Amino acid sequence: MLAQAVREAEHMPGGAELAELLAERCGIHAHPRSILRRLLPYLKRQEKKRPR
């Protein structure tokens with residue numbers, strides 16, 4: 001869900017913005033840095049799968 005929001009955004013949201021999105025969409029509260037640590041490897045894998 002957050003990965004989709006990041007892909008749809010015109011920029012990479014910061015940790016605080018991602019934490020706010022997570023709280024709004026899922027009702028989960030997490031530290032912004034924790035979110036970035038878990039999300040970035042997933043986004044990198046998705047980039048490798050896309051054909052150029």
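On one side of helix α2, Ala16 and Glu24 are exposed. The opposite side is described below, after an overview of the chain.

The model is predicted. Its mean pLDDT is 82, and 88% of the residues reach 70 or more. Confidence is lowest in α1, with a mean of 74, and highest in α2, with a mean of 88. Where pLDDT is low, the predicted coordinates should not be read in detail.

The protein contains three helices and zero strands, arranged along the sequence in the pattern α-α-α. Of its 52 residues, 29% count as buried. The exposed surface comes to about 4,200 Å², of which carbon and sulfur atoms supply 51%. Among contacts between residues at least 6 apart in sequence, 39% join residues at least 24 apart.

The buried residues of α2 include Gly15, Leu18, Ala19, Leu21 and Leu22. These residues lie on the same side of α2, because the arc they cover around the axis is only 160 degrees. An α-helix has 3.6 residues a turn, so residues three or four places apart point the same way. The length of α2 was also examined: at 1.5 Å a residue, its 12 residues should span 16 Å, and the end C-alpha atoms are 16 Å apart, which agrees. After α2 comes glycine 27, which has a positive phi, near 75 degrees.

The largest nonpolar core has 12 residues: Leu2, Ala3, Ala5, Val6, Leu18, Ala19, Leu21, Leu22, Ile35, Leu36, Leu39 and Leu43. Helices α1 (2–8), α2 (15–26) and α3 (32–49) each give two or more residues to this core.

Leucine 18, a core residue, is found in helix α2. Leucine 18 counts as buried because its relative accessibility is 0%, against a cut-off of under 20%. When neighbours within four places in sequence are left aside, the contacts of leucine 18 are Leu2, Val6, Met12, Pro13, Ile35, Leu36 and Leu39. Valine 6 is 12 residues away from leucine 18 in sequence, and the two C-alpha atoms are 8.5 Å apart in space.

With residues up to four places away in sequence not counted, alanine 5 touches Leu21 and Arg25.

Methods. Residues numbered from 1 in each chain as written. Predicted model: local features only at pLDDT ≥ 70, side-chain atom pairs only at ≥ 80, totals over all residues. Heavy atoms only, no water. Core = buried A, V, L, I, M, F, W, Y, C linked by side-chain atoms within 4.5 Å. Buried < 20%, exposed > 50% of the residue type's maximum accessible area, 1.4 Å probe, protein only. Helix = DSSP H or I, 4+ residues; strand = E, 2+ residues; numbered from the N terminus. Contact = heavy atoms within 4.5 Å. Expected span 1.5 Å × (residues − 1). Arc of directions from axis to C-beta. pLDDT = per-residue confidence, 0-100. Areas by Shrake-Rupley, 256 points an atom, 1.4 Å probe, with all protein chains shown as cover.
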